[in-house]
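Dear colleague,

I am passing on to you the structure we spoke of, with its sequence, and below it I set out what was found. Please read the notes with the structure open beside them.

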Amino acid sequence: MKRALWTLAVLLSHWRRHPMQLATLLIGLISATALWSGVQALNQQARASYDRAAATFGGTRTAMLVARSGASFPQQLFVDLRRAGWPVSPVLEGRVQIEGRSFRLLGIEPVTLPADVGNAPAVGKADLQAFMTPPGTMLVAPETLADLKLAEGARPQANGGALLPPLRVQPNLVPGVLVVDIGVAQGILKMPDLLSRLLIGKATGRHAPLESVAGDKLRLIEPDAETDLERLTDSFHLNLTAFGLLSFFVGLFIVNSAIGLAFEQRLPTLRTLRACGVSARMMNVVLVIELVSLALVAGLIGLVCGYFIAGALLPDVAASLRGLYGAQIPGQLTLKPQWWIAGIAISILGALAAAAASLTKAVRLPLLATAQPFAWQQAQRRWLTYQSALALAAFAAAGGFLWFGDSLLTGFAVLAALMLGAALILPMLLEVVLSLGQRYARAPLGIWFWADSRQQLSGLSLALMALLLALAVNVGVSTMVESFSRTFLVWLDGRLAADVYVNAANDEQAHEIRAWLRERPEVEAVLPGGRADTQLAGAPLEVLGLPDHATYRDNWPLLQSADNAWIKLRPGDAALVSEQLARRLHLSVGDRIEVPASGGNWTLNVVGIYADYGNPKSQIAVNFAALTRRFPEIPLTRMGLRVAPEKIPTLISALQEKFALGDRNVADQATMKAESTRIFNRTFAVTAALNAFTLGVAGVALLTSLLTLANSRLPQLAPLWAIGVTRRRLAAIELLKTMSVALITTIFALPLGLLVAWCLLAIVNVKAFGWRLPFHVFPLQLLWLTGVAMAAAFAAAALPVIRLARMQPASLIRIFANER
Amino acid sequence: MNGSGPITRRGFIGGALLAGFGGRAFAQGFAGLSESADGFAPVVPDRTFAFPGDHGPHPEFRIEWWYVTANLTDARGIAYGIQWTLFRQAIAAGGAQEGWANQQIWMGHAAVTREDTHRVSQTFARGGVGQAGVAAAPFHAWIDAWEMRALDSMNDENIAPCSLKAAGADFSYTLRLDAERPLTLQGDGGYSRKSLREQASYYYSQPHYAAAGILTIDDKPIDVTGMAWLDREWSSQPLAADQSGWDWLSLHFNSGDKLMLYRMRQNDGQHYSSGKWIAPDNTVETLGSDDIVMTPLIVTQVAGRKIPTSWRIAVAKMALAIECRPLNPRSWMGTSFPYWEGPIRFEGSHTGVGYLEMTGY
Amino acid sequence: MTNGNPILPNVTGHVLHVTGLTKSYRAAGEEVAVLRGVNLTVAAGESVALTGESGSGKSTLLHLIAGLDAADGGEIRLADAQVSELSDAGRAELRRDRLGLVFQQFNLIPSLTVEDNLAFQSRIAGRHDAAWHGELVERLGLGRFLKRYPEQLSGGQQQRVAIGRALATKPLLLLADEPTGNLDEDTADEVLALARDLVTRSGCGFLMVTHSARLAATLDRQVNLHAGVIA
């Protein structure tokens, strides 16, 4: 033990003498661990919220019965099924508006509610009697209570005047959900004796076949390990995870080069230790202990950094998830112990993986240094061939995924295989370019320049691969984001066609406002708006009512449409469907859909498809008048106004004054646009932040690789110096070499990045969000990224080159004389 | 001074009805059965019972139950017991409301017992929507797929013939119950006082059922026959604060006599016994504390509790001295509120079979 | 790996016995026999110079004795230990506890101070002796340099540290491979004199490879390796 400690002390003394090296190693490990665990913390946080949502009385974690039509069904089916031995519990779901905001209302039946419905039925903490007997109790998350700005026990008023049950906080409830007794819910939603679904509990005995009880009215939905939100947000988290992984690997590149350098420098020490009687086994054990201890320290620091990264990104992530999917993520980071353990483990495993080559070398270290010339050329050729073969396999896999795959995961698999292949083929590509250069070089120094660059390849290739990947991802992501914002802005112009948007507090006020507006000469048109929520094919559906007005006919952007689509909307038997819905149900113009409405199913012809970016729900647009006929209960509080631009501010202030409307309830088009754009920019804020970080980490990787290489390359440069090449000249040549390989890499990264962007737009986005964006190339951006990459390469190459230029002749002599 | 046992014993269970939906702590604040009966109908003496009306529910009272136990044997002489119970509890006073606003909660317990096994199932329901309920005529008591239902030509005074059905995850039974003799009013003409503090219940029994049907354990159906016993009871404030538990028996003598008796254990150590002897000709003998001596013989460790599963019972007045042994000492009802209930056999001055229920251990 | 401090046999006779040692290398597809049956002994307290022209196998012989390489045939006995029969761990233990090694390239650990370089072998061997350590420091004249790093020392000073380290464990045998090869003549004489002095003080055997007849002459006995055998 003492012996091992002394040996460890000798090994560790190296770091005391080379603090920069230690710093590089730790920085690599810390950044790898920090980014990875930061992203994991975000994912974990989000997943926990999804679980919370899923556990809410029959999320997808519970088996359930729903109406085949997707609509509500008579309560008698519940009774019939119970009487036939089915352990079912009824749920009614709907939406209520409070203060102009929409909430999800869940009616549950606590007595039959299966005990194993997730973690949700802590309803028990509330008083059952008060919950079940009128007026009942309305359970809400603490966040919802804060949103409503009401105290516990207060009774909020729904749009339409109905007094809701007194509020009661239920800490583990999902925000935005109101939970009431089934009977209370039926009253609030004006759906007497109707249910949305039946949760299936643990079987208590045999039960009759479903068909013999419910005919074909109900359909069984098996429990799903994955929640709705998980499915919806998969892409987002895959995206985060992909960046986390990428940064992790780039961080490991740094660790790899730092450990490689340290090991090279410690070779004589290791030999001396062996010569002085440290056995090979002891040496290996101590080397591993040293590495694990360093990884432990770095892992802990990395975890703390990861925590802060996650904390810093969480608001953006939460905003994105809310904006994109309506998922509610609490803003306070809560981490499980597993997160810490996993973080430390990944740090140690990463360090061991990054050090594997060096450790293997140490294990095989011959006791006697034999100065045999390294057959680098042969070895390099073998290595290049091997890598290229792997690259081709990766490309083939990418092609296969692209051709056969039809899911989000395969979309990412295409991306991963593509990038892996590109990274693997990079050294071969560089080798080809460099050997072409060597063939056409004439001057002896020129030939040496190319040949030496080739020899450097194996040492630099890992860093160059990191640079390639970071650049390609950067190009891909920025192209996607740019394409997105450009498309989105144009689309928003069409969608936000009215000049002023008003949302009245209730129907009466809306009525008054309309009457008042009619008297105002500057108001050219009042366009009523309304929205109903229903279900289609087992998923939520928004039904949007559009008035028959030129504003929409002229501006509303349609991706596809039948002739005279807008005229066909008028009779109320036709609808425009959102791109998401069209993709999900494979609808095209001319198809029919059946939408459950209050009075029964509503058959609609699809006459057009429109883009509906950023909406997690499927949506259809119908004639406004038809909507109010079919869904008479919807609030009619929203309206759009056409107003002469110069009169807008005065009208808005007049409206606010007259009707005491807040900023939230009256907004002009510009404000709405700014708000929408802001939300959308936040969507990619996290991506952009991780993107930049990855590029930074790639830069550090390049720097450390070059530092490592610079040291081991001095013996190669010393003879050149000895035959009369000045140090300055040598430094210039070194710089030029680094820059040229970096440039070749960058040039290769650009088309790869565009390919990545295309994959993101055409595969990943479509699967993830249900919409496809047009693909644009932004040359200026590419140029700018090339500049950034070259600057990074320059910065990374500068330090070793400056050291070379300033190196004392004596050092060069010593190296020349003392060939290792 | 008699008749308080059963109502108390079952009231305790019934009161705890809400206490345990799958272990959820529902009951806060209202399961306390010793709270005042304000708003609920009081139990007063000299009530006139009328059938079939009184077979149906009495929602103006807080709690009520329909309770059947049966001692059965198959063709090879193997003994079985079954239990079928439907509890009703009102969580608020006032007449029964329509639909979900109905303030009745129903709970069903079912069990089968054999020497080597004891299977239990329970279920819950809200009233008002049809998942559970009781109709007086034609008589029908149900919760989910479990039911006790009048067969054609039912005699209201005998409350027979009936069919009885229940199923759990690993057992089920369907029985036909026949009776040639009418039901018996317990206590004083069906008014069953439970304490000096004017707490009481309405209570009648049908101890004369002949049962026959099919019992299925682990998917193996078995033809069975035997004797069954129905208890009907309702009240508004059944529980006394100083009671810790109950030992209750219903006995079928080979002679055709029936005996219901219990011992109510009080915190002050004053055990309180009561009973009623029903002769084959339906003449009755009411027994009080001084008449009954109950002595535990064997204590069994069940579900972490020590429970006296064998008893010596002596009623000098009736020349009764018997020892009761359980068919299965592990007849533990591991329901939301757990208790011990199972078939027994007895020998001594008299022989026969019966049911034993014990709570509060 | 054994712990503790093995009690060394009180060797008064020969500390090293080499008998019929053979070793050949494969180079450019040909088997080259370097040692063809070397016999050599070194007694306790005796200093022996091993001379021979370049490539005669002097260093190879030294490496085999140190257990840094394995012989093809013959026998090396170090006191009571049969070197050729030991495993890698056993040979490491032997080097740690019974041998001192000094090479031409000083072979100090650059990240340790002079003091730690002097002490680390004896510490790893678990036989650190503060008194002997102090005496070594004093005799080698290293007192002023204890806190310095090897790169801050001259060649002669570095080699003194290396000798000190090798002797710190009180080895049975000190093996030196051209220890003064990188030193000028005066320094070389001085360092060697010190080494001889310390060898005498500690009573161990001393086997030095050198190509310098002048230096060889200062030791007790000279043996010449020629054509794979000791002449």
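Two strands are said to pair here if DSSP finds at least two bridges between them. With that in mind, and bearing in mind that this is a predicted model, strand 7 of chain C and strand 8 (residues 205-209) of chain C pair in the parallel sense over 5 bridges, and within that pairing Asp177(C) stands opposite Val209(C) in strand 8 of chain C. Helix 1 (residues 58-65) of chain C packs on the sheet, where it touches strand 3 (47-51), strand 7, strand 8 and strand 9 (221-226) of chain C, and its direction makes about 150° with that of strand 7 of chain C.

The sheet itself is open and is formed by 6 strands of chain C in the order 6-7-8-3-9-10, with mixed pairing. Strand 6 and strand 10 (229-230) of chain C each have a single partner strand and stand at the edges, so one side of each is left without a neighbour in the sheet.

Just after helix 5 of chain C, Lys170(C) takes a positive phi of about 50°.

In chain B, strand 13 (residues 220-235) pairs in the antiparallel sense with strand 1 (residues 63-74) over 12 bridges, and Thr73(B) stands opposite Thr225(B) of strand 13. Strand 12 (residues 200-217) of chain B also runs antiparallel to strand 13 of chain B, and 14 bridges join them; Ile217(B) stands opposite Lys220(B). The hairpin of these two strands of chain B has 2 residues between the strands, and there Asp218(B) takes a positive phi near 50°.

Finally, the contact between chain A and chain C takes 21 residues from chain A and 23 residues from chain C. Helix 1 (2-17), helix 8 (228-275) and helix 9 (280-325) of chain A are the elements that give two or more residues to the side of chain A that touches chain C, and helix 1 of chain A gives the most, with 9 residues. By class, that side of chain A has 9 nonpolar, 7 polar and 5 charged residues.

With best regards

Terms used
Residues are numbered from 1 along each chain as its sequence is written. Chains are lettered from A and ligands numbered from 1 in the order in which they are written. This is a predicted model: local features need pLDDT of at least 70, side-chain atom pairs count only at pLDDT 80 or more; totals for chains, interfaces and linings use all residues. Helices (H or I, at least four residues) and strands (E, at least two) are DSSP runs, numbered from the N terminus. Two residues are in contact if their C-beta atoms, placed from the backbone, lie within 7 Å. Ala, Val, Leu, Ile, Met, Phe, Trp, Tyr, Cys and Pro count as nonpolar, Asp, Glu, Lys and Arg as charged, and the others, Gly among them, as polar. Axes are lines fitted to C-alpha atoms, for helices over the stretch in contact, and angles run from 0 to 180 degrees between N-to-C directions.
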